[in-house]
Amino acid sequence: RLYCAHSNFPRLPAESSVEIWDTATMQPVGQHRFAQPPGSLTWAVPRGGEWFACFAHYRPLGDPARAQVVRFDAQWQRLASWSFPAELIEHFAGSSASGGGFGPGGALFVTGHDARELYVLAVPETGAVLNWTATIPISAEGQAFAWDPVETNLLYSISRRTKEVIVSQVTSGAAAPLIDKALMADLPTNPDILKQAFPEDAKFWIDNGDKLAERWTRWSGTK
C-alpha cells in the first residue's frame, strides 16, 4: 500500500486525509479523512504501529506557529502532539514542514518549504515542543523526502520546481559535527562505529553472489 497525505489547501475550512493506493495497480483502495483537522496535512509516516502526521499553517491565511506534529494510534485516534520550536518556525519563512520522516538513529527529520536544509528533531519525553538538534545541508529545496530502507544514508527528495526526484548521500563526516552527541552515539553512521565495521565490496558480490549462493546451497544440503 502507498499512503499519501492530502489536503484542500488553500481552501477553507481545512480538509485533510490520508489517501491509500494499491502499488501494483496504482488505483485508490482506501482513505482516512480527519474530522476537524488542526491544519493542512503535509506528511504522515508510520512508526512502531502508530502514525506521526504534520498539520501545517501558512501565511497569509494562518500562523505557522500553529503547525503541529500529532501522534495517532493504528486507528487514527489522537495520542499526543508537539509544536515546532520558535527558531525553526522562523526558518520555515511563513510556510511549514513540507516533508517528514524517521531516519538514522530514530531521529525525526523534517524539511521546510524552500530551504535546502534537513532539520533533525527529537521527540521529548515530556513537554509540548520538539527539540531541534541539528541542521544538515541537502541538495533539494524542501518538500517531500524519504530515507532508503537499506542504504540508510541515502535520501530521496522531490524538487517541486523541476519535478525531479533527487538522490542525496548524507555523509557522516558532514553531519557528525551538527548532530547532538547523545543522538550520534546511536547512529550507524557514527564515525567511531564505522571504524569497527567490515568494508563491503559491492562489485565482488555482483560478480560472484549467485555462484556463492549456489555453492552454499549444495554444501548445506550435504551436511
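**A walk along the strands**

Select V167 to begin: this residue sits in strand β14, residues 164-169 (strands are DSSP runs of E, at least two residues, numbered from the N terminus). What you have open is a predicted model, where local features need pLDDT of at least 70 and side-chain atom pairs 80 or more, while totals for chains, interfaces and linings use all residues. Residues count from 1 along each chain as its sequence is written, and side-chain values use heavy atoms, with hydrogens and water left out.

**The surface patch**

What do I158, V165 and V167 form on the surface? The three make a nonpolar patch with about 270 Å² of accessible area together (Shrake-Rupley, 1.4 Å probe; members have over 30% relative accessible area and no salt bridge, with like charges joined within 9 Å and nonpolar side chains within 5 Å).

Now click on S157, in strand β13. Is S157 buried or exposed? S157 counts as buried, because its relative accessibility is 2% (buried is under 20%, exposed over 50%, partly exposed in between). Show G99 as well: S157 and G99 are 58 residues apart in sequence, yet their C-alpha atoms are 9.0 Å apart in space.

Time to look at the backbone. Most peptide bonds are trans, and most residues other than glycine have a negative phi. Here are some exceptions.

Go to the loop between β1 and β2 (16-22), where you'll find P10. The peptide bond leading from F9 into P10 is cis, with omega near 10 degrees. Stay in this loop, as P13 is found there too. L12 and P13 are joined by another cis peptide bond, and its omega is about 0 degrees.

Next, hop to M26, in the loop between β2 and β3 (27-33). M26 isn't a glycine, but its phi is positive, about 55 degrees. Its relative accessibility is 44%, so M26 counts as partly exposed.

Then jump to K163, in the loop between β13 and β14. Here phi is near 60 degrees, again a positive value in a residue other than glycine. K163 is exposed, because its relative accessible area is 77%.

**Charged pairs**

Side chains of opposite charge can pair when their charged atoms come close. How many salt bridges does the structure hold? There are 6 (each a side-chain nitrogen of Lys or Arg within 4 Å of a carboxyl oxygen of Asp or Glu).

R1 is in the segment before β1 and D22 is in β2, so the pair ties together parts 21 residues apart in sequence. R1 is exposed, at 59% relative accessible area.

Now pick E15 and R33, whose side chains meet in a salt bridge of 3.6 Å, N to O. E15 is in the loop between β1 and β2, while R33 belongs to strand β3, so this pair ties together parts that are 18 residues apart in sequence. E15 is partly exposed at 41%, and R33 is also partly exposed, at 46%.

Next come E50 and R71, a salt bridge with its closest N and O atoms 3.0 Å apart. This pair links distant parts of the chain, 21 residues apart: E50 is in strand β5 (residues 50-56) and R71 in strand β6 (residues 68-72). E50 is partly exposed, with a relative accessible area of 22%, and R71 is partly exposed with 22%.

For the last stop, select R116, E141 and R161 together: salt bridges that share partners join these residues into one network.

How values were computed: Helix = DSSP H or I, 4+ residues; strand = E, 2+ residues; numbered from the N terminus. Buried < 20%, exposed > 50% of the residue type's maximum accessible area, 1.4 Å probe, protein only.
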